[in-house]
Amino acid sequence: MPNFDTVELFQVNQQPVSLGQALTYLQMFGRLSPFVQEVLRDYAIIQGIQSDSDLLVTQADLSQAIIDFRLRSELTDPAPFQAWLKTQGLDYSVFESQVAVALKLEKLKAKLAETGLNEQFERQKDALEQVDLYYAVAPTEAIAYELKAKIEGGESLEHVARQYPLDSEESVVIKREILKRQQLRAEIKAPAHSAEPQTLVGPVEMGNRWCLFRIEQVLPAVLEGQVRRDLQEQLFEQWVATQLQQLQVTPAAQAAVANSFAGSGVDAGMPAENDSVVKSSDNGSTSENHFDDHFGLESSTEAQAEEEQVDSVAV
């Protein structure tokens, strides 16, 4: 096994920093496991695209992509381009490899979309549907019921809200937002699903506040634009998760990293031999690749919700 302490990465104030030191610092501050997971992710992606003969990138494809990049980035002149490469810590061969990988990833995502995009869309169509919500957030249940009575009596949301000054403890927040159903807070999602357009709903308790809302219109999901891009990215993340699950990982560097702590008085805290650096959820995806994380779904606990000052129906 190579001695990581003899592999110099860079110098700081004319003092060398070795690979062993770098790994030690990552471990001391709890960042070694995420670093290893990122390396494994990159490894799995590279191995996957290199072994797929359908993802061929020709020299003509590569040259055109580089030309397009330099045109977009206004780096057509050699001197600025070389200066840019230097600022990025690249030479031309590494830059060319990066572009080649990017092209292969584009082809992979297109390939995954051909076989799985429509099915993925149909499964999530309801969650991707958008609602145009007009709502009021009140500080107390009593004020929320006052608002409801006035609105049902014929007053508009804006007119009612103006009766509660913004600089007072009884201020009412009025908003109108277009949101995907999956972006709605858990407290709002269920009543919004069954609500008829133009019908006032609530009050609904939302964190430590109370919400009245009206769905102005429902916008059906369409497989285009951002929705298409998001689902393509989701398919790719599922592919990455599958690649990771197929890896057999042996932490050969464990002893070297742990030894770098010898005599330092710091507990290396290395995982047991049967502990995997690739953690999976019940559905087989890696813990960092959940669909919920991708779309920013609710993750706060009930206790946190009670403490937060909630002024939006979106998470």
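User: How many aromatic pairs does a search of the whole structure find?
Analyst: This is a predicted model, in which local features need pLDDT of at least 70, side-chain atom pairs count only at pLDDT 80 or more, and totals for chains, interfaces and linings use all residues. Residues are numbered from 1 along each chain as its sequence is written, and side-chain values use heavy atoms, with hydrogens and water left out. Rings of Phe, Tyr and Trp (its six-membered ring) pair if their centres lie within 6.5 Å, and planes under 30 degrees apart count as stacked, over 60 as edge-to-face and the rest as tilted. Across the whole structure, the number of aromatic pairs found is eight.

User: Is the pair of Phe 69 and Trp 84 stacked or tilted?
Analyst: The ring centres of Phe 69 and Trp 84 are 5.3 Å apart. Their planes stand at 55 degrees, so the pair is tilted.

User: How many residues apart in sequence are the parts that Phe 69 and Trp 84 tie together?
Analyst: Helices (H or I, at least four residues) and strands (E, at least two) are DSSP runs, numbered from the N terminus. Phe 69 belongs to helix α3 (residues 59-72), while Trp 84 belongs to helix α4 (residues 78-87). The pair therefore ties together parts whose separation in sequence, in residues, is 15.

User: Is the pair of Phe 81 and Trp 84 stacked or tilted?
Analyst: Phe 81 and Trp 84 are three residues apart in helix α4, so about one helical turn separates them. Their ring centres are 6.4 Å apart and their planes are at 10 degrees, so this pair is stacked.

User: Is Phe 81 buried or exposed?
Analyst: Buried means under 20% relative accessible area, exposed over 50%, and partly exposed in between (1.4 Å probe, protein chains only). Trp 84, at 23%, is therefore partly exposed. With a relative accessible area of 2%, Phe 81 is buried.

User: The charged end of which residue sits over the ring of Phe 81?
Analyst: A charge sits over a ring if NZ of Lys or CZ of Arg is within 6 Å of the ring centre and within 35 degrees of the ring normal. For the ring of Phe 81, the charged end lies 4.0 Å from the centre, and it belongs to Arg 70.

User: Which residue of β6 is the bridge partner of Leu 133?
Analyst: Two strands pair if DSSP finds at least two bridges between them. Strand β3 (residues 130-138) is largely enclosed by the rest of the structure, because eight of its nine residues are buried. β3 pairs in the antiparallel sense with strand β4 (residues 173-180) over eight bridges, and with strand β6 (residues 209-219), also in the antiparallel sense, over nine bridges. In β6, the partner of Leu 133 is Ile 215.

User: Near what value is phi of Asn 13?
Analyst: Most residues other than glycine have a negative phi, and most peptide bonds are trans. Asn 13 lies in the loop between β1 (8-12) and β2 (15-18), two strands that form a hairpin with two residues between them. Asn 13 is exposed, at 66% relative accessibility. Its phi is positive although the residue is not glycine, and is near 55 degrees.

User: Is the peptide bond from Gly 202 to Pro 203 cis or trans?
Analyst: Pro 203 is placed in strand β5 (residues 200-206). With omega near 5 degrees, the peptide bond from Gly 202 to Pro 203 is cis.

User: With which residue does Glu 237 meet in a salt bridge?
Analyst: A salt bridge is a side-chain nitrogen of Lys or Arg within 4 Å of a carboxyl oxygen of Asp or Glu, and the structure holds nine of them. In one of these the distance is 2.9 Å, N to O, and the partner of Glu 237 is Arg 41.

User: How many residues apart in sequence are the parts that Glu 237 and Arg 41 tie together?
Analyst: Both Glu 237 and Arg 41 are buried. Glu 237 lies in helix α9 (residues 225-245) and Arg 41 in helix α2 (residues 32-50), so the separation in sequence of the parts they tie together, in residues, is 196.

User: Which residue is linked with Asp 52 and Asp 54 in a network of salt bridges?
Analyst: Asp 54 is exposed, at 54% relative accessibility, and its side chain meets that of Lys 111 in a salt bridge (3.0 Å, N to O). The residue linked in a network with Asp 52 and Asp 54 is Lys 111.
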